[in-house]
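Hi everyone, thanks for coming. I'd like to walk you through one fold today, so please have a look at it with me.

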Amino acid sequence: MQLTAERITMIAVIITAAWFTSAPFGWAQRRGPGQGDAQLEKPPVPVDDFEKNALKVLADINSNQQFRNVPENDGRLLRIMVQSMGAKHAVELGTSTGISGIWLGLGLRENDGKLTTYEIDAERAQTARENFERAGLDDVITIVEGDAHQEVTKLDGQIDLIFLDADKDGYIDYLNKLLPLLRPGGVVLAHNINPRMADPAFMRRITEDPNLETVVRGGMSISLKKK
Ligand SMILES: C[S@@+](CC[C@H](N)C(=O)[O-])C[C@H]1O[C@@H](n2cnc3c(N)ncnc32)[C@H](O)[C@@H]1O
């Protein structure tokens, strides 16, 4: 085989790419492409016995009662958001067995705040109820059982944070119904926002409304209500 300049260049490119992706202790390993942000995170460290117990409940749900719950890094993000903004009232669509609810509850508890969470499936709602009790958050979290499209219309009072994680095609309806209650400076987070699952009508709404500042990171959209 003749080694043309083109072939030599191609071989050099392949060797360089292989080195960048496999060097065990090299520059590529520490700073190279493909190193997701989440790899820099460490597991949560409980600050007290209350949190230690909540983390144990979360681990138990993850092992024994999983039903399409958010991954741990999304739960932690929700907790950071809700606590740091001093939220007094958060609303969640889609409780499932209660993982995101517990993360939100941990943050709200520090603010003397409350979570209202909606679940259509009676069995999952009951499991979540027991989990909130086990985590010591039953006085922070209220589960509303039924179709959230109807139930949210009974809400009044100001909301600081909305977390959308129920039926994906329903996000736009929830947003239209709840946005008037969201305070200026409040945020809407929506889960499973990726090219395969995001509803185009919802995406248009959160990206084209001049009063919403929206970013999408790691499958979660975060929209700030500006005024
Ligand atoms: C992805 S799971 C929620 C996971 C949960 N946020 C967590 O991370 O632990 C979606 C849940 O939304 C519920 N759901 C779907 N449509 C609903 C509706 N119209 N009203 C209330 N809940 C609904 C489903 O029964 C399901 O349990």
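A quick word on terms before we start: two strands count as paired when DSSP finds at least two bridges between them. And please keep in mind that this is a predicted model.

With that in hand, let's go to one pairing. Strand 4, residues 159-164, and strand 5, residues 182-191, run parallel to each other and are joined by five bridges.

Now let's step back. The chain contains nine helices and seven strands. The seven strands make an open sheet with mixed pairing, ordered 3-2-1-4-5-7-6. Which strands stand at the edges? They are strand 3 (141-145) and strand 6 (212-217), and because each has a single partner strand, one side of each has no neighbour in the sheet. From one strand to the next, the twist averages 15 degrees.

On to the helices. Helix 6, residues 122-134, lies across strand 2 (114-119) and strand 3, at about 170 degrees to strand 3.

Then there is a helix pair. Helix 8 (residues 171-178) and helix 9 (residues 200-208) have axes that come within 8 Å and cross at roughly 35 degrees. Helix 8 contributes Tyr171, Ile172 and Leu175 to the contact, while helix 9 brings Ala201, Phe202 and Arg205. By class, that contact has five nonpolar residues, no polar ones and one charged.

Finally, the whole chain: 33% of its 227 residues are buried. Of the contacts with a separation of 6 or more, 72% link residues 24 or more positions apart. Thanks, and I'm happy to take questions!

How values were computed: Residues are numbered from 1 along each chain as its sequence is written. This is a predicted model: local features need pLDDT of at least 70, side-chain atom pairs count only at pLDDT 80 or more; totals for chains, interfaces and linings use all residues. Helices (H or I, at least four residues) and strands (E, at least two) are DSSP runs, numbered from the N terminus. Axes are lines fitted to C-alpha atoms, for helices over the stretch in contact, and angles run from 0 to 180 degrees between N-to-C directions. Two residues are in contact if their C-beta atoms, placed from the backbone, lie within 7 Å. Ala, Val, Leu, Ile, Met, Phe, Trp, Tyr, Cys and Pro count as nonpolar, Asp, Glu, Lys and Arg as charged, and the others, Gly among them, as polar. A residue is buried if 20 or more other C-beta atoms lie within 10 Å of its own, exposed if 12 or fewer, and partly exposed in between; C-beta atoms are placed from the backbone.
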